[in-house]
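Here is a brisk report on helix packing and aromatic pairs. Keep the structure open while reading.

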Amino acid sequence: MKAITILPLCFFFFIISGIISPSKKPPLIISKQMSHFTLKSDILKFFDFGIKRIYSDIIWIQTLLQSDLEHYKEKNGNSWMFYRFYTISNLDPLFIENYWYGGQYLSVIKDDKIGAKILFEKGLETYPNDYRLLYYMGTHYLIELNDKKNAIKYYEKIFDYPSTPNHIKSLLTKLKEEEGHLMESYQLMLQLYREAPEGPLKKVYLKRLNHLKNKIHLKHINHQIKK
């Protein structure tokens, strides 16, 4: 009999405890990498050009609004933002800002090194002589991929561009020297020296020229000794 009267009482205290101190569940946090949605590229062939342009603009705006700072830890170029930028490039291959800013965001912010490389490469297929894409690609190879050989290849293409700053040109001579291309480094540095106005910078270039000249001479002597 007592058990029957105690049950309603226990139930009452159970309800009261839930009202007074309700249990709070921790919020469920799902990363954007797990929750993003992007239309597959093979569906895009059914769209006409006008619809593709509209859809690419929508994805671009949506991606910028939803962008995050979470580093992508895998090395396979599959970050959600890469898929967005790559889809935009399929919808509107001439949208150059997508390559400029999308590639930089993947490279610097998302740390998606492979994704950035693929997007820059695709941009250069459409704009092979674009200064920004060549510069960004060279910098990506040098800093993010630690690949001096390919960095040199892209920096070489912008060496004579009017918009290329002197510190990038000087960097190219340094990279060539480090890779063992002493004579090429010397020739480029000689060009910089001749084009520089009189002043401190010209003196720095002259010092570098003498340094390279000595290294070339020493290399020639060592080669003769080995013979």
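The model is predicted. Y155 has a relative accessible area of 3%, so Y155 is buried.

**Aromatic pairs**

A search of the whole structure finds nine aromatic pairs. Two of them are described here.

The rings of F120 and Y136 have their centres 6.2 Å apart. Their planes stand at 35°, so the pair is tilted. F120 sits in helix 6 and Y136 in helix 7 (residues 131-144). The two residues are 16 apart, and the pair links distant parts of the chain. Both F120 and Y136 are buried.

Y135 and Y155 also form a tilted pair. Here the centres are 6.4 Å apart, with 40° between the planes. Y135 belongs to helix 7, while Y155 belongs to helix 8 (residues 148-157). They are 20 residues apart, and this pair too links distant parts of the chain.

Which residues form one aromatic cluster? The members are F120, Y131, Y135, Y136, Y155 and Y161. Both pairs above therefore fall inside that cluster.

**Helix packing**

Two packed helices are described by the angle between their axes and the distance between the axes.

| Helix pair | Axis angle | Axis distance |
|---|---|---|
| Helix 4 (residues 80-91) and helix 6 (residues 113-126) | roughly 10° | within 10 Å |
| Helix 6 and helix 7 | about 155° | 10 Å |
| Helix 4 and helix 5 (residues 96-109) | roughly 165° | within 10 Å |

Take helix 4 and helix 6. Their axes cross at roughly 10°, which makes helix 4 roughly parallel to helix 6. Helix 4 passes helix 6 in a left-handed crossing. On the helix 4 side, the contact uses F82, F85, Y86, S89 and N90. Helix 6 supplies G115, I118, L119 and K122. By class, this contact of helix 4 with helix 6 has five nonpolar, three polar and one charged residues.

Next come helix 6 and helix 7. They pack at an angle of about 155°. Angles over 145 degrees count as roughly antiparallel, so helix 6 is roughly antiparallel to helix 7. The crossing of helix 6 and helix 7 is left-handed. Helix 6 brings K113, A116, K117, F120, E121, G123 and L124 to the contact. Helix 7 brings L133, L134, Y136, M137, H140, Y141 and E144. By class, the contact of helix 6 with helix 7 has eight nonpolar, two polar and four charged residues. F120 and Y136, the tilted pair described above, are among the residues of this contact.

Last, helix 4 and helix 5. Their axes cross at roughly 165°, which makes helix 4 roughly antiparallel to helix 5. The crossing of helix 4 and helix 5 is left-handed. In helix 4, the contact residues are M81, F82, F85, I88 and S89. They meet N98, Y99, G102, Y105 and L106 in helix 5. How many residues of each class does the contact of helix 4 with helix 5 hold? The residues divide into seven nonpolar, three polar and no charged.

Notes. Residues numbered from 1 in each chain as written. Predicted model: local features only at pLDDT ≥ 70, side-chain atom pairs only at ≥ 80, totals over all residues. Heavy atoms only, no water. Axes fitted to C-alpha atoms, helices over the stretch in contact; angles between N-to-C directions. Helix = DSSP H or I, 4+ residues; strand = E, 2+ residues; numbered from the N terminus. Parallel < 35°, antiparallel > 145°, perpendicular 65-115°, else oblique. Left-handed = near helix turned anticlockwise from the far one by under 90°. Contact = heavy atoms within 4.5 Å. Nonpolar A, V, L, I, M, F, W, Y, C, P; charged D, E, K, R; others polar. Phe/Tyr/Trp six-rings, centres within 6.5 Å; stacked < 30°, edge-to-face > 60°. Buried < 20%, exposed > 50% of the residue type's maximum accessible area, 1.4 Å probe, protein only.
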